[in-house]
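Biologist: I have just opened this one and would like to go through it with you. Could you take my questions as they come?
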Amino acid sequence: MNGRTRSPVPLHIVLAICAAIVIAPIVWTVAAGFRTQISLLMGEVLFTPVWSNFSEVLWSKTSDFLLNYRNSIIVGVLSTILCVVVATLCAFSLNRLRWPSWVAHIFLAWTMIFHMIPPVALASAWFSMARTVGLENTFTGLILAHATLNLPMAIWLMAVFVREVPKELEEAAIMDGASTPRVLWHVILPLITPGVAATSILTFIFSWNEFAVALTLTMKQTATVPVAIAKFAQDFEIQYTQMAASAALAMLPALIVLLVAQRYIVKGLTQGAVK
Amino acid sequence: MTASQASLTPARPGVRDSHKVMEGDGQRLWRWLTFGPALAMMVALTVLPIANLFLTSFQNVTWADGKPTRTWAGLTHYEALFSDQLFSAGLWNTLVFAFAAVAGQMVLGFAMALAVSKITHGRVFYRAIFILPILIPGIVIGAIWKLMLNFDFGLINKALGLVGLMPHDWLGSSETALLSVIIVDIWHWTPFCFLLFLAGLETLPQDVFEAAKMDGASAWQELWYITLPLMIPTIIVTFAFRLVLAFKVFDEVYLLTSGGPGTSTEVLSFTLYQRFFTEDKAGYGSAMSVAVIFLVALLLVIALSARRRTGATS
């Protein structure tokens, strides 16, 4: 704002320190994944990187990490598709299809209350429901749970994006005789594709990161990555370097998303709260 | 969050009414087909489970052969709640945790956003770095800090050693355990506040600042009399948003301290988890969940009325 009146150099120093505080723990942990347990305990500053932790975590017979990784991808992708499709339809419907305003008000107030409830409070109810209908320890149960957990945020985001589409375009299409599904598919959807992308990326990341519900609804065969990492900390003798290696692997999606889609994440994170 | 409610309500419904093209059975069908899935999911997976929790909170539940046996317990679970020291410890710790962590995040996030908004080069670079913790799984944050705060080899104690201080068992002593979890949460979520504040600062009208500069306002005056008042809506929204998430804290506590030592980091989510899944007390856990849900709804009502009041005065 007033970059010319004051030298920004002190600001850059402060920001560089902040950046270091953010980055240092992450880099140090990733580095710990390349150390031997002895090197970590000795606290050597210079060390010879080894692959053994990663190969142990990924390929060892006693480790399920690759399975956990696959499970997280399955649950993340499918719950994101379900969540974003349902949220987009819902946002379109409440915004453009003339629901009485009390319907939208009550529904959105409820999504807000639901968003505030700790997932653990619902996890037990979901657990016993899943048990009753035979969905315990299945992907279906966890996919439904994750899609529901992320639905409020996805609806709010998609509502912002749908509202940004000028009504005139839609009206013109209707004048030309387009039906409701045609309007949605050919007029609205092409214009909100960036919004759909932003919402999908965030939903996937939140599903990937979710721990409490995954912990309660999964067993050995269906456990996701966070559940697997928590197991390390529960061990009597913690394998610190392997924990660091699996933590590094679990951060990969976040890093990829940050590198290729930062714009969408910023859009998603800010629009949902500010607008 | 709160503002999005307003954005969803159908605005200006009268625009197309004169044409009367859209009303009919087809229209009604599509209305339900588009809204139905979301409604069905919310009813089946949030309303029903909460009703189930409410019902269960008056029962004793025992599982045998995969089938529950339910017996009536009346209000005993709710009575027990009032004398449960774990619950009161959880409630107190959650409040301390949430307000301390969010206060720290707000102040630091605001300072960082202000700093980034004043530089001309490197905005995207700093923003990219600061976003990273938001995207990392909470459980990985827990793992990172379990290593960082380790008594023997953690970087924190190593750094203390360099300046000649004694190493400290951060997570293992009851005086610093909650503080450590608060600091980890500040590390985790300050970037989120930063991001929202930066977005807010970038949309402030620039002419006001130019006018202030013409009148010779100092940087402090500018911050205190212009930036902060203009940012109040963003500050309130961010505060509410973060507070809600802070009340749900679970992952980091689970990994870092598991509520210990003693009850020093016992937080609501963790207490709930233990009642249900470690001790298998579904009835009592449900009563606790209902109490937490009630508190959450109460908080929302307070927040909304506070928002209405500030909206009325400004």
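This is a predicted model: local features need pLDDT of at least 70, side-chain atom pairs count only at pLDDT 80 or more; totals for chains, interfaces and linings use all residues.

Biologist: Switching to chain A, how many helices and strands does it have?
Modeller: Chain A has 13 helices and zero strands. Its C-alpha atoms fill a box of roughly 75 × 70 × 30 Å, taken along the principal axes, and buried residues make up 51% of the 275 residues in the chain.

Biologist: What does UniProt list as "transmembrane region" in chain A?
Modeller: An unreviewed UniProt entry lists residues 12-34, 73-94, 106-127, 139-162, 183-208 and 240-261 of chain A under that label; UniProt positions are given in the numbering used here, feature names are shortened, and annotations may be inferred rather than shown by experiment. In the model, residues 183-208 of chain A are 100% helix and 0% strand, with the end C-alpha atoms 33 Å apart, and residues 240-261 of chain A are 95% helix and 0% strand, with the end C-alpha atoms 32 Å apart.

Biologist: Which residues does the "domain: ABC transmembrane type-1" annotation cover?
Modeller: According to the unreviewed UniProt entry, that annotation covers residues 69-261 of chain A. Over residues 69-261 the model is 83% helix and 0% strand, and the end C-alpha atoms are 21 Å apart.

Biologist: How many residues of chain A are in contact with chain B?
Modeller: There are 95 residues of chain A in contact with 91 residues of chain B, where contact means that the C-beta atoms of two residues, placed from the backbone, lie within 7 Å. Helix H1 of chain A, residues 9-33, gives the largest share of chain A's side, at 13 residues. By class, that side has 70 nonpolar, 19 polar and six charged residues; Ala, Val, Leu, Ile, Met, Phe, Trp, Tyr, Cys and Pro count as nonpolar, Asp, Glu, Lys and Arg as charged, and the others, Gly among them, as polar.

Biologist: What is Val22(A) in contact with?
Modeller: Val22(A), which lies in helix H1 of chain A, is in contact with Ile129(B), Phe130(B), Leu132(B) and Pro133(B), leaving aside its neighbours within four places in sequence. Val22(A) is buried, because 20 other C-beta atoms lie within 10 Å.

Biologist: Why is helix H11 of chain A largely enclosed?
Modeller: Seven of the 10 residues of H11(A), residues 225-234, are buried, so the helix is largely enclosed by the rest of the structure. The buried residues are Val225(A), Pro226(A), Val227(A), Ala228(A), Ile229(A), Ala230(A) and Phe232(A).

Biologist: How do the axes of H11(A) and H6(B) cross?
Modeller: The two axes come within 9 Å and cross at roughly 25°; axes are lines fitted to C-alpha atoms, for helices over the stretch in contact, and angles run from 0 to 180 degrees between N-to-C directions. That makes H11(A) roughly parallel to H6(B), since angles under 35 degrees count as roughly parallel, over 145 as roughly antiparallel, 65 to 115 as roughly perpendicular and the rest as oblique. The contact is made by Pro226(A), Ile229(A), Ala230(A) and Ala233(A) of H11(A) and by Ile139(B), Val140(B), Ala143(B) and Lys146(B) of H6(B).

Biologist: Last one, what about the phi of Arg98(A)?
Modeller: Arg98(A) has a positive phi of about 55° although it is not a glycine, and Arg98(A) lies in the loop between H4 and helix H5 (101-116) of chain A.

Conventions
Residues are numbered from 1 along each chain as its sequence is written. Chains are lettered from A and ligands numbered from 1 in the order in which they are written. Helices (H or I, at least four residues) and strands (E, at least two) are DSSP runs, numbered from the N terminus. A residue is buried if 20 or more other C-beta atoms lie within 10 Å of its own, exposed if 12 or fewer, and partly exposed in between; C-beta atoms are placed from the backbone.
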